[in-house]
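Visitor: Hello! Could you take me through one single part of this structure, slowly and closely?

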Amino acid sequence: MGQGKAFAIPKELVWKSYLEVRKNRGAAGCDGQTITQFDENRDGNLYKIWNRLSSGSYFPPPVREKRIPKGDGKERVLGIPTVSDRIAQGAVKLFVEERLDPLFHEDSYGYRPGKSAHQALEICARRCWRYSWVLEVDIRTFFDSVRHDLIIKALEHHHMPRWVILYCRRWLEAPMQGSVVDSDLRKREVGTPQGGVISPLLANLFLHYAFDQWMGREFRFVPFERYADDIVIHCSLMKDASHMRALVRKRFQEVGLEINEEKSKIVYIDTFKRFNVETCFTFLGYDFKVRTLKNYKGEVYRKCMPGASKKALRQITQTIKGWRIHRSTVDNAETIAKRYNTILRGWINYYGKFWYRNFGYHVWRVFQSRLVKWIRSKYRIPGKKAERKLAMMRKENPRLFAHWYLLRAANACPRAV
């Protein structure tokens with residue numbers, strides 16, 4: 001530890017944060033520096049970060065604005081910090097997370113060590129079998145609406161060191177820099193940049209008191225799942241769900257948040273038919289609804305099951321078609337497999353967790369048809385011959401393409417009728 005420093009910050013925190021940033025890579029911030037360029041003087045750069053953090057003289061640079069198109073035609077605004085700032089944020093995050101994460105609610109799953117989206121989905125599915133009604137809550141522009149004073153108040157409540165509060169306040173107020181450099185950058189008065197390393201932790205802390213603790217205090221026996229700002233609440237009766245929606249709306253207004261009324265809805269998910277009510281909701285990219293299934297004995301039954309959402313399947317289809325594989329006639333099959341298998345496995349690992357057959361056949365059909373079209377273009381043969389040639393390739397090397405595994409795995413899952 002250095003002498004004469006204002007704050008006693010262990011160097012180990014900066015090193016661990018650097019390893020995480022290096023593993024995740026990520027885009028460059030407003031200074032244009034990549035992780036490769038940072039590594040050219042790694043030790044000097046890391047010492048500079050630790051020295052400034054320890055002396056209290058670290059001031060975060062502006063975050064680079066990046067706009068991501070959303071499915072509804074709107075845009076999601078991300079704030080990308082510089083590599084050095086990501087490391088600094090990560091060091092503080094490691095310190096705070098170790099002390100606060102054990103205090104968070106067991107049904108908070110987003111951006112927490114040992115928690116995952118699949119855990120939230122599994123618990124949600126089990127509760128849908130026990131409760132007939134669901135209140136799906138969507139918070140309008142949550143990351144842009146978080147109140148700074150409440151986050152700082154929560155940090156102070158947990159007796160965080162002065163340097164943690166100092167730097168968290170500076171990161172909350174860090175200005176956003178668009179594509180054109182603004183000479184009059186102003187501090188942010190509300191919100192936390194979505195894309196920052198420490199932002200998810202601060203958002204979880206905010207909602208821990210704004211929602212989780214409030215639910216535990218006021219509605220102890222009402223189950224819910226929360227993944228960051230995506231919330232699902234389970235109720236036995238429709239009137240309970242309607243009452244809960246009004247109370248949640250009022251609670252969020254008290255802490256400066258607003259419910260997106262268009263996306264927040266009450267859904268019926270029981271096997272008995274009802275009319276003029278919503279019967280499907282989407283949570284973490286999965287559609288939850290009652291499906292007619294058939295087990296391995298051929299017996300038909302109905303059950304609420306999560307499956308890859310229609311929106312997700314549509315986006316996957318558009319992405320695969322956008323690759324325009326049929327134009328890569330100079331490449332061989334091994335090159336194409338190496339280029340796309342990582343993305344295919346990512347989809348399979350996430351969307352293939354529940355109701356595998358539906359997702360498996362969809363991805364199989366879309367990507368397989370692109371490969372047939374590629375063989376037709378490469379070898380100038382008709383469709384039937386191209387299909388036979390692709391079947392022969394699969395027989396000779398069944399592990400070549402990641403999606404070839406899907407058909408075998410899907411056969412072991414419940415089938416849709």
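Guide: Happy to! Helices here are DSSP runs of H or I with at least four residues, strands are runs of E with at least two, and both are numbered from the N terminus. This is a predicted model, in which local features need pLDDT of at least 70, side-chain atom pairs count only at pLDDT 80 or more, and totals for chains, interfaces and linings use all residues. Residues are numbered from 1 along each chain as its sequence is written, and side-chain values use heavy atoms, leaving out hydrogens and water.

Let's look at helix H9, the 17 residues 238-254. From first C-alpha to last, H9 reaches 25 Å, close to the 24 Å expected at 1.5 Å a residue (the expected span is 1.5 Å times one less than the number of residues).

Which residues of H9 are buried? With buried meaning under 20% relative accessible area, exposed over 50% and partly exposed in between (1.4 Å probe, protein chains only), they are Ala241, Met244, Val248, Arg251 and Phe252. These residues sit on the same side of H9 because they cover an arc of only 90° around the axis, taking the directions from the helix axis to the C-beta atoms. An α-helix has 3.6 residues a turn, so residues three or four places apart point the same way.

What does that buried side meet? Its residues pack against strands E3 (133-138), E6 (230-235) and E7 (265-268), and against helix H8 (199-218), where contact means heavy atoms within 4.5 Å. On the face turned away from the buried side, H9 carries the exposed Lys239, Lys250 and Gln253. Finally, just after H9, Gly256 takes a positive phi of about 85°.
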